[in-house]
Amino acid sequence: MKQRVTARAPINIALCKYWGKRDTKNILPFTDSISLTLQELYTETTVEYTPKSDFSVTMNGKELNKKDRQKIYNFCLLFAHDDTLNIHINTHNSGPTSAGLASSASGFSALAVALNEFYERQYDIDELTTITRKGSGSAVRSLLSGFVKWQRNGLIQKITDAPHDLVVIAVIINDQVKSISSRDAMKIGVETSPFFRTFVERNQEIANEMTQALTPFDFERVGELTEQSTALMHNVMKTSDPVIDYVSAESQAFLSAIKQFNNSKRKLFITMDAGPNIKIFTRKKDLDSVISYINTLGYKEYHILSPGDYARVIDDE
Ligand code: PMV
């Protein structure tokens, strides 16, 4: 066991969505999903030995509540050699937490990589994926860089690097913590949405078609498929009982306005996850004009993100 390990993991944004587990024990998804790992929003997590018999977790400077602390404790047990966890975990997100900006993906990915080193497990990527997805399914995609596929069989695969001129703008519509977790929301969708079967069939086709459209990178086709997968996922939410709606009226107004930007030729495509914030994919040559347009719509809070590196240890004692 090490004394102190720090890992950093970037967020990833899904172009082809993960929504629903076909196996809730082993965390296996109904369909493949595909994401892009991004650089500027990330989680940094330090796992440190404490001589007192104590387990504590601080997130963004605050102690975690009992329920979240228990979830982290159970996750740590998947790496520890016994159940005496004399460790302190200190974790920090560079962006908003639990607001649909993939903070749980970067969070569990950073924690898994830190614990793998701290307990000197040396798990390979398949073993690490199998454990990491127990914290958060989407977290496994941050273990690799570029366009990453989380396959239906639970394992991950890098499809290709992103083109150098691709850029993502995460527009903060609202940074409030979401009212229902994606884990609970997807369970309701699987159990109650009459649309869920259609989602599964078409989303798997989208994953296959998108894999083709990524090499060589076809901006137009990847954009169409991303928007289709996003619409399918949100349609499952809207047809769930109770209805789940992460798209606020403000997000809806922004979406309608930004879509006007693509008049004769597609210059951007859009996606949304389990929160009100909006992610816009565009190319560097169009970045300035898209940003000015966002400013004219009255939005001043956004993050400009570029394709980034995978989760890794950054400090180790
Ligand atoms: O792994 P979770 O529970 O954070 O799932 C999040 C799923 C979405 O972000 C809504 C979609 C996706 O594929 O990332």
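Modeller: A term to begin with: helices (H or I, at least four residues) and strands (E, at least two) are DSSP runs, numbered from the N terminus. This is a predicted model, where local features need pLDDT of at least 70, side-chain atom pairs count only at pLDDT 80 or more, and totals for chains, interfaces and linings use all residues. Residues count from 1 along each chain as its sequence is written, and side-chain values use heavy atoms, leaving out hydrogens and water.

Colleague: Okay, which element gives the most to the lining of the second largest pocket?

Modeller: Helix 6, with 6 residues. A pocket is an open set of points on a 1 Å grid over the protein atoms alone, where a 1.4 Å probe fits, with protein on both sides within 12 Å along at least five of seven lines; lining residues have an atom within 4 Å of a point. This pocket's volume is about 250 Å³. It has 13 lining residues, and T230, A231, H234, L255 and K259 are the closest to its centre. Helix 6 (219-238), helix 7 (249-259) and strand 11 each give two or more residues to the lining.

Colleague: How many aromatic pairs are there, and what makes the pair of F269 and F281 stacked?

Modeller: The count is 14. F269 and F281 are 4.8 Å apart, centre to centre, with 5° between their planes. Rings of Phe, Tyr and Trp (its six-membered ring) pair if their centres lie within 6.5 Å, and planes under 30 degrees apart count as stacked, over 60 as edge-to-face and the rest as tilted, so F269 and F281 are a stacked pair. They link distant parts of the chain, with F269 in strand 11 (residues 268-272) and F281 in strand 12 (residues 278-283), 12 residues apart. Both also belong to one aromatic cluster with F147, F217 and F219.

Colleague: Why does N86 count as buried?

Modeller: Buried means under 20% relative accessible area, exposed over 50%, partly exposed in between (1.4 Å probe, protein chains only). N86 has 19% relative accessibility, so N86 counts as buried. You'll find N86 in the loop between helix 1 (66-77) and strand 7 (87-93). F269 and F281 are buried too.

Colleague: How do you know that R8 lies over the face of Y42?

Modeller: A charge sits over a ring if NZ of Lys or CZ of Arg is within 6 Å of the ring centre and within 35 degrees of the ring normal. R8 is 4.0 Å from the ring centre of Y42 and lies over its face. R312 likewise lies over the face of Y310, at 4.5 Å from the ring centre.

Conventions:
Points joined across faces, edges and corners; volume = space filled by probe spheres on them.
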